[in-house]
Amino acid sequence: MEPVREKLWDPALRAFHWLLAFFVIAAWVLGKFGPANMWLHFWCGYAVAGLLVFRLIWGFVGPEPARFRHFLTGPGKMLRYARGMFRRVPSYWPGHNPLGALSVIAMLLVLAAQVGSGLVSDPDDFINVGPLAGQVSQATSRAAVGWHNLGAVLILALVILHVGVILFYRFWKREDLVRPMLTGWKLVRRDD
Amino acid sequence: MRLILAAAFAVTPALALAQDDSAVQDALKARQGYMAAISANMGPLAAMAKGDVAYDEAQAVFHANNLAALGNYEVEMHFLPDTAQGQVEGSHALPKLWDNLDDVRAKHEDFKVAAAAAPEGVKGGQAQVGAVVQSLGGTCKACHDNYRAK
Ligand code: HEM
């Protein structure tokens, strides 16, 4: 079957994607290299939190390709996809492919944990105390700084993997996944 | 028998740690106590800056004076050798601190300078206290980011 051009990603999902990319990178860079007073970092984190809430809702009520049940498949399907993955042909997959779905879920979970640990962090400097640090024990708010630090490493790893795979599709499989996330239009094939 | 031996091996390092020479234990306690004393005076100032506690100039100057006095401590006194994380239980000071003592001294000096300016700085109202807490807090962060384990 010939692949067809199809409007795959809805505008809200595309806006979500690029806003999330922007605020996660901004939060990350400000966290590592930003000024001593981290209020801007906090607000980037709140923006991420809002976007995650939107994505959660969209995963249940949004258009078909955005729904969790559409792209969360079993290990069998993932394995089958992984086996054919290195063939030098475009996937023409109509949405998140079964493996990509894992990375989507991993990113959403790690980002949610990052927001959570940030909210309760107390780094003992009296100027960057998470707004909910007072609601948990001192041991927790101290440990949260460590989790938040670990989360930053995981996010960096996931982002590098994400970009790496996009490049793999672009140059090995000769499939551009960036443009569809900008315009919504993608070449897809539905044969099973 | 094997179990007893294994248990003995497991316990030996713990005993060694427990019998750690008490000077090292005391140095750790003194360092963490020093940080706790700083925090005990930062707390009321931060609460005033946020408006959780009403501005009270006498109280603000009192805590600022304590911080200025604490700023006079020397790094050498609190960062004795052999008190890094991994060398003594309960320490969160990164080993690299001892490889960068000049930088640590500079960072402590920043705290000292900010603290010395605090008693005059906090006079005049809530906003003044806010500015002092910001400048002091920045010096805590600069040192913790580099030398305190997360
Ligand atoms: C997904 C969004 C977020 C990302 C990617 C992120 C990333 C980071 C990074 C990279 C650091 C520096 C860690 C280090 O080098 O030690 C950091 C520190 C920090 N973040 Fe976030 N963060 C996020 C959300 C939040 C939120 C929502 C809050 C609180 C409202 C928050 C509060 C803090 C605090 C208090 C620190 C300082 C902790 C320390 O001294 O290590 N973060 N964050």
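At 33% relative accessibility, A:Asp176 counts as partly exposed. On this scale, buried means under 20% relative accessible area, exposed means over 50%, and partly exposed lies in between; a 1.4 Å probe was used on the protein chains only. The model is predicted: local features need pLDDT of at least 70, and side-chain atom pairs count only at pLDDT 80 or more, while totals for chains, interfaces and linings use all residues. Residues are numbered from 1 along each chain as its sequence is written, chains are lettered from A and ligands numbered from 1 in the order in which they are written, and side-chain values use heavy atoms, with hydrogens and water left out.

The partner of A:Asp176 is A:Arg179, and their side chains meet in a salt bridge with an N to O distance of 4.0 Å. A salt bridge is taken as a side-chain nitrogen of Lys or Arg within 4 Å of a carboxyl oxygen of Asp or Glu. A:Arg179 is exposed, with a relative accessible area of 55%.

Chain A has seven helices and two strands. Helices (H or I, at least four residues) and strands (E, at least two) are DSSP runs, numbered from the N terminus. The pattern along the sequence of chain A is β-α-α-α-α-α-α-α-β. The C-alpha atoms of chain A fill a box of roughly 65 × 30 × 30 Å along the principal axes. Of the 192 residues of chain A, 38% count as buried.

Over all chains, the whole structure holds 14 salt bridges. One of them joins A:Glu6 to A:Arg190, with the closest N and O atoms 2.3 Å apart. This pair links distant parts of the chain: A:Glu6 is in strand E1 (residues 4-7) of chain A, and A:Arg190 is in the segment after strand E2 (185-188), 184 residues apart. A:Arg190 is partly exposed, at 43% relative accessibility.

A further salt bridge pairs A:Asp124 with A:Arg142, at 3.5 Å from N to O. A:Asp124 lies in the loop between helix H5 (98-119) and helix H6 (138-171) of chain A, and A:Arg142 lies in helix H6 of chain A, so the pair ties together parts 18 residues apart in sequence. A:Asp124 is buried, at 17% relative accessible area. A:Arg142 is partly exposed, at 40%. Both residues also belong to a salt-bridge network with B:Arg148.

The ligand site comes next. Residues from chains A and B surround the ligand, so the site is shared between chains. A residue is near the ligand if one of its heavy atoms lies within 4 Å of it. There are 25 residues around the ligand, of which A:Lys32, A:His41, A:His148, A:Asn149 and B:Lys150 come nearest. The shell divides into 14 nonpolar, eight polar and three charged residues. Here Ala, Val, Leu, Ile, Met, Phe, Trp, Tyr, Cys and Pro count as nonpolar, Asp, Glu, Lys and Arg as charged, and the others, Gly among them, as polar.

A polar side-chain atom of A:Lys32 is 2.8 Å from a ligand oxygen atom. An N or O atom in the side chain of A:His148 is 2.8 Å from a ligand nitrogen atom. For A:Asn149, a polar side-chain atom is 2.7 Å from an oxygen atom of the ligand. Helix H1 (11-33), helix H2 (39-61), H5 and H6 of chain A are the elements that give two or more residues to the shell.

The ligand carries an iron atom, whose protein donors are A:His41 (NE2) and A:His148 (NE2), 2.0 Å from it. Donors are N, O and S atoms within 2.8 Å of the metal (3.2 Å for Na, K and Ca); water is not among the atoms, so sites may look incomplete. A:His41 lies in helix H2 and A:His148 in helix H6 of chain A, so the pair ties together parts 107 residues apart in sequence. A:His41 is buried, at 15% relative accessible area. The iron site is octahedral, with angles of 86 to 179 degrees among its six donor atoms. Six donors count as octahedral if opposite donors are over 155 degrees apart and all others between 65 and 115. Ideal angles for six octahedral donors are 90 or 180 degrees.

A:Arg174 is not a glycine, yet its phi is positive, near 55 degrees. A:Arg174 lies in the loop between H6 and helix H7 (178-183) of chain A, and is exposed at 54% relative accessibility.

Notes
A polar contact is a pair of N or O atoms within 3.5 Å; within protein, one must be able to donate a hydrogen and the other to accept it, and residues adjacent in sequence count only if both atoms are side-chain atoms. Four donors count as tetrahedral if all angles lie between 85 and 135 degrees; four count as square planar and six as octahedral if opposite donors are over 155 degrees apart and all others between 65 and 115; anything else is irregular.
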